[in-house]
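Hi,

Here is the structure we talked about. Please load it first, then read my notes below.

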Amino acid sequence: MKIVVLGGTHGNEFTGVEVINNLKSNPVNDAVHDYELIFSSPKSYENKSRYIDYDLNRSFGTDGKAFGYEKTRAEEIRNQVSGKFDFLIDLHTTTSNMGLTVILNYKNDLTLNAACFLKSKFPDLKIIMGSEDGSRSPFVGSLCSAGLTIEVGPIANNLVKADLVFTCQQMVEELLRWDFEEDFMESEIEVFQTTESYYYPEGNWYLHPNFDGKDFEELSPGTPIFINTDKEEKSFESEKSTYPFFINEAAYFDAKIAFSTSTKTTIGELKSTR
Ligand SMILES: [Zn+2]
């Protein structure tokens, strides 16, 4: 297969840039696939910002709103990637306490099997099924019919931590060395199926300290999740429990998104419902 690995799609997420640079200096000699490495957004990395003009990872698919530097980079990356690879890996970090995660934008075998494989190698890995139909999503992953986003955290933007760089690189290398031929206990492999974004209430509210950092832990209706300076609390309003993630992700703060919600399912279930 031909695999493309992108890092630095968001310029303030340094881990992916380190991994791309490390792999350029030390190629994976025992890789069983041809692979290429792309440093997605050098200018935003130099600028230590998520993007220059428009979020590069919202500049693909049917989203036509990109402009300036990211519009140019999106076109260049599209020319470099589209129709030329079988599998795409995009490297990101999060300020949320999510640990090691992969986010899937497709339910096809290649994508789901890769997630199972990584879970077998990294038992703490969380698998998230995205809410978008991959090919129509605005993400860079839409350029390839299979693939995943590796999202590691918690880490502040514009920072590197050795353990996250090493683990992220190890995940990429494991995939490059794997022949994609293996059977897994799919009915036992947990997946968090994204449902929606949950927003801050009107006014000046903080995430409740008892809730912040509790990514992937079951959240029941009525649990206090926001607090203000008068120590008033607001609770999670919902008819049923959820499994939150991206709690307090810095990039979503301006959009007033407090966290994403999900339901639990399995790889087997995803395969049977597609
Ligand atoms: Zn990112």
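Which hand does the crossing of H1 and H5 have? The crossing is right-handed. Keep in mind that this is a predicted model.

Helix packing, H1 on H5:
Helix H1 covers residues 14-25, and helix H5 covers residues 162-177. Their axes lie 9 Å apart, at an angle of about 55°. H1 is therefore oblique to H5. On the H1 side, the contact uses Thr-15, Glu-18, Val-19, Asn-22 and Leu-23. On the H5 side, the partners are Leu-164, Val-165, Cys-168, Gln-169, Val-172 and Glu-173. Sorted by class, the H1 contact with H5 has 6 nonpolar, 3 polar and 2 charged residues.

Helix packing, H4 on H5:
H5 also packs with helix H4, residues 109-121. Here the angle is about 120° and the axes are 11 Å apart. So H4 and H5 are oblique to each other. This crossing is right-handed too. H4 brings Ala-114, Phe-117, Leu-118 and Lys-121 to the contact. H5 brings Met-171, Glu-174 and Leu-175. The class count for H4 with H5 is 5 nonpolar, no polar and 2 charged residues.

Domains:
The domain assignment gives domain 1 as 2-188 and domain 2 as 193-272. Their C-alpha centres are 24 Å apart. Domain 1 puts 24 residues into the contact, and domain 2 puts in 18 residues. About 1,800 Å² is buried between domain 1 and domain 2. Carbon and sulfur atoms give 61% of that area.

Best wishes

Terms used
Residues numbered from 1 in each chain as written. Predicted model: local features only at pLDDT ≥ 70, side-chain atom pairs only at ≥ 80, totals over all residues. Heavy atoms only, no water. Axes fitted to C-alpha atoms, helices over the stretch in contact; angles between N-to-C directions. Helix = DSSP H or I, 4+ residues; strand = E, 2+ residues; numbered from the N terminus. Parallel < 35°, antiparallel > 145°, perpendicular 65-115°, else oblique. Left-handed = near helix turned anticlockwise from the far one by under 90°. Contact = heavy atoms within 4.5 Å. Nonpolar A, V, L, I, M, F, W, Y, C, P; charged D, E, K, R; others polar. Domains from an automatic or database assignment. Buried area = accessible area lost by both parts, 1.4 Å probe.
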